[in-house]
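The structure comes first, and the description follows.

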Amino acid sequence: MIRKIFSVALVCALTFTLAACGNKYRIEREGMPDELKARLENQIVAGEALLAEATEDMDKVNALHEIAFANEQLGYFDEAIPLYKQILGLYPTHYPALNNLGVIYEEVGEYETAAKYYGQLLEANPTETKILEDAIRALVAAGHYDDAQTNLESFIRYNQDSASEIQSFISNQFEFIRQARLKTQQ
């Protein structure tokens with residue numbers, strides 16, 4: 001009898017623990033006005049209708065993006081991620097899909113995966129300092145200081161003709177990497 005009570009208590013405790021943990025790919029957007037939430041939900045419905053009618057790849061990409069972005073804004077990352085990946089299947093260098101996947105994975109703490117998408121975006125846009133900054137931030141958060149340094153050095157080599165214009169940015173990124181490395185050594 002005691003074993004049975006203990007087993008039931010253990011199962012209940014495990015169930016409550018798992019329920020409390022939630023899904024890291026589904027977050028509650030605190031303070032989102034009901035009007036905005038309704039507008040985003042309507043955007044999903046409208047996007048699904050556009051997707052059903054789409055015959056051209058770019059029409060599909062646009063519809064998928066509408067649906068994915070609305071899901072992302074609602075905090076439904078589990079819905080947005082596969083849609084963004086579908087977009088990449090049709091258009092591998094789609095800026096918003098690559099960027100938003102990086103943002104989502106960074107928000108849930110999967111920094112290596114975020115850095116992967118930022119890296120793909122940087123390959124397609126090798127002169128964009130904001131993308132480099134995002135990639136370095138994700139790599140540093142993942143503890144990949146050497147990769148962050150390599151990305152920065154590659155960026156400098158690629159953009160050497162305009163290096164004087166972005167010198168301050170480059171110096172700040174080197175310092176960011178150095179400071180992060182120092183913090184982990186303490």
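Helices (H or I, at least four residues) and strands (E, at least two) are DSSP runs, numbered from the N terminus. The model is predicted, so local features need pLDDT of at least 70 and side-chain atom pairs count only at pLDDT 80 or more, while totals for chains, interfaces and linings use all residues. Residues are numbered from 1 along each chain as its sequence is written, and side-chain values use heavy atoms, with hydrogens and water left out.

**Salt bridges**

A salt bridge is a side-chain nitrogen of Lys or Arg within 4 Å of a carboxyl oxygen of Asp or Glu. By this rule the model has 10 salt bridges.

| Pair | Closest N and O atoms |
|---|---|
| Arg-26 and Asp-78 | 3.1 Å |
| Glu-107 and Arg-29 | 3.1 Å |
| Arg-39 and Glu-35 | 3.5 Å |

Arg-39 and Glu-35 are 4 residues apart in helix α2, which means that about one helical turn separates them. Arg-26 is in the loop between α1 (2–21) and α2 (34–53), and Asp-78 is in helix α4 (residues 77–90), so their pair ties together parts that are 52 residues apart in sequence. Glu-107 in helix α5 (residues 95–107) and Arg-29 in the loop between α1 and α2 are 78 residues apart, and their pair links distant parts of the chain.

For accessibility, buried means under 20% relative accessible area, exposed over 50%, and partly exposed in between (1.4 Å probe, protein chains only). Arg-26 is partly exposed at 35%, and Asp-78 is partly exposed at 28%. Glu-107, at 41%, is partly exposed, and Arg-29 is partly exposed at 24%. Arg-39 is partly exposed at 48%, whereas Glu-35, at 59%, is exposed.

A network of salt bridges links Glu-106, Lys-130, Asp-134 and Arg-137.

**Packing of α6 and α7**

Helix α6 (residues 111–124) packs with helix α7 (residues 129–141) at an angle of about 155 degrees, and their axes are 8 Å apart. This makes α6 roughly antiparallel to α7, a term for angles over 145 degrees. Axes are lines fitted to C-alpha atoms, for helices over the stretch in contact, and angles run from 0 to 180 degrees between N-to-C directions.

Contact means heavy atoms within 4.5 Å. On the α6 side, the residues in contact include Tyr-111, Tyr-118 and Leu-122, and on the α7 side they include Ile-131, Asp-134 and Arg-137.

Note on methods
Angles under 35 degrees count as roughly parallel, over 145 as roughly antiparallel, 65 to 115 as roughly perpendicular and the rest as oblique.
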